[in-house]
Amino acid sequence: MQSAQFSLSKVHCGRWQYPSVLALAFVIPYAQARDLNPGETETISPSPTVESWLIAPDATLNVNGAETLDIDVQAGVLNVNTGTTQQISASNGAAVNLTGATVTGASGDVTVSLVNSDANITGSTISGLDYGLQAVRDTDTSTGSNVTLQDSTVSGVLGGAVATSYSTLNLNNSTIEGTGSSSFGLRIAGGQATLNNQSRIIGGLNGVTFELDRTDEQISKLVLNNSSVEGKTGSAILANVGAIPLGAFVVEVSNGSTLIGGNGTILEVTDGTNVDFSVDNSVLQGNVVVEAGSNVTTALNNRAALTGDLHNVAQFSLNNESAFTGTIKGDDGHTTQVVMDNNSAFTGGVEGTADLAIRNQSTWILTGDNTVNNLALDGGRVDFAPGSTFYTLNVRELSGTGSFNLYTDFATGETDFLNAQSASGEHVVSVSATGNRSSGDLIHIAEFGAGDAQLALNTGVVDVGALTYKLVQEGNGWYLRPDDGPSTSTRSVMAIANTAPTIIYAESTLLNSRMGDRRLTGAKPGLWTRTYNNRYSVQNAYAGGYSQTQQGLVIGADAALGDSDWLVGGMVGYSRSNLDLKHGSSGSVDSYSVGAYLTKFDPQSGFYVDAVTKINRFDNRLDVSMSDGVKTKGSYDTYGLSGSLEVGLQDQLGSGFFWGPFAQVAAAVVSGEHYKLDNGLEVDSELTRSLVVKGGAYLGSEIDLGNGHKLQPRVRVAIGQELIKRNEVGVNDSSFNNDSSATSLELAGGVNWALPHGLQVFAEAGSSQSKTVKQDYNVSAGLSFNF
């Protein structure tokens, strides 16, 4: 091995020293230059001697914790393990492996230079000169250099790293940075850089710049996977070198990656350069600025999101729940082709000329007046943004099948407006509902100049206060016209106003059955409880059909009145009624009750009389889904007073059977209330009244089982008539009537089982039917204990 010449006048990293004669006598050389011959292997450890190295082809230098000067690797192998070196130059297929190394440039332009060579760099730091690292090639070759960075940092004053044609940079949790104020982080000139696992590119001016190789132009490619690029004062990515014959430069941003431009631009393209820019499952903020004459396609995929403006982008696509918020801008003569697919969203507007294709549940949310060239809908939607300002969408040609969501002030007639010079296809329009009052005027919402397009309301009507509006066509115009039908909110408040009598009578029926128990056991003091469940199906002119399910519990006590046959008692009860008002609307009523009852039964004649009186408090709640699907709520409290009187005759038929006719009159009144729903609907619920007369008979058998057991099965049939025809409810400026008057048929069957020691078990099931209210079922069970 030949050694390089060594001069005592220049030692230890370039510090000039002037030795004395005594020093010359005892000097130990601190700096040397050494060559490794082909096939030779050398391993160095920490030593006072700091050397430069020239590594010949097939030679290997292992640096284990040692310090070296510059190293030139010519088709050889360099392995640095936790060592410190000055600049490294590798060429002609050399291999450089740095682990825990620190490489600091002392002279020249590049700290680590790779020419047609490969480097694996792990846990290392490279810094010091104009450029931290270059992966380049001999211009007569097409092989390039390949660099893998793992947990490492590369920096340079003018630029962090450079990769030319056929060269690759692969980063894993690593950083490349240009530290100067006008520096770039990474320059790609026909090469490819892939960043993984939170790797970073940082430039003092621009983050990544695309350049030309100038001898063999290849497609430059930048791939980010959970990584970032930042231009501190400029753009995140700059491409300004013109087009190349092979095609557009490629930028792929994926899996949570970010782009940061200090000037607000994440991609800047000028001078006729072409770029394909795609974003996948990442959230970006910043502008894409394209100079006229350049060509950029931008794609957002798989829940990607971009907030910013697009200027002169040629093609823009959103797919798989991706989102763009900003403005699509274009210079005169430029047209942007926009395609939205698979539930993607664009919030913003268009300045310039654009063709939009909106497909498969994707949505454009307008935030201002807009004009577009072609609007093709294929299961897509256009939403006019809500607020106090109304917008107009002008379309040269509308086609396909889609939907529009407009907002209208029905009090003033102001509205969003769709204007198409030519329109084809079948489209649906949704108009936001309101509970407020309307002007009652015709409202113009769309105009189709030519074509055979059809427009329809998605729900058939729009809820507007108490009533509804319908969509009609007059000439080329489409208008909302007032209709007499009640709104969803009106139907809901009418329904809940109609529930109180059914709740009251369900509780009263339990009291009547309790008094029937006493005719089996006699007038003895006792405690009792009943639990019950029933369901009503209601049809009337306004409610449009709803179902009501009630569950409750009643507890009571009674005692004989002196030595007479009269029995007096009291009760408290609670029930919960749930209303299914259809189309997503619902309601509930919590009922709290307290009551008293009086009954007399004459065993000799079989005559009996039952009297009941009761007070209820009702906590009413509504959850209404209006015609546009928006929810509105409201709640209020009311009080009810009710009573009933039943007389009958129980006659023995022999063999333990008995029957008895009976007649009953029942009345109830429920207080009115003024309240509002969240949507502004005002309700004035007047007194709700009910007066029912009923007549029927029951048939039963009393079976003595011995040992103090008695069984009393029975069936009951009755015909009832609701006499009240008017129960008015005011909604905004309109008045509606709940008319539940109808004849009903009731059927029920039950059994009482009297046990020894005063215990009695009860169960009953039944139903009723009328033209307005059908009781699908009514089941109850309970027990009592007599002292």
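**View 1. An open sheet of four strands in the predicted model.** Strands β61, β62, β66 and β67 form an open sheet in the order β61-β62-β66-β67, with antiparallel pairing. Strands are DSSP runs of E with at least two residues, numbered from the N terminus, and two strands pair if DSSP finds at least two bridges between them. Because β61 (673-676) and β67 (734-737) stand at the edges with a single partner strand each, one side of each has no neighbour in the sheet. From one strand to the next, the twist averages 20 degrees. This is a predicted model, in which local features need pLDDT of at least 70 and side-chain atom pairs count only at pLDDT 80 or more, while totals for chains, interfaces and linings use all residues. Residues are numbered from 1 along each chain as its sequence is written, and side-chain values use heavy atoms, leaving out hydrogens and water.

**View 2. The pairing of β62 with β66.** Three antiparallel bridges join strand β62 (residues 682-685) to strand β66 (residues 728-731). Ser 685 stands opposite Val 729 in β66.

View 3. Asp 213 lies in the loop between β25 (206-210) and β26 (221-225). Asp 213 counts as buried because its relative accessibility is 13%; buried means under 20% relative accessible area, exposed over 50% and partly exposed in between (1.4 Å probe, protein chains only). Its side chain makes a polar contact with the side chain of Arg 137 at 2.8 Å. A polar contact is a pair of N or O atoms within 3.5 Å; within protein, one must be able to donate a hydrogen and the other to accept it, and residues adjacent in sequence count only if both atoms are side-chain atoms.

Key: Axes are lines fitted to C-alpha atoms, for helices over the stretch in contact, and angles run from 0 to 180 degrees between N-to-C directions.
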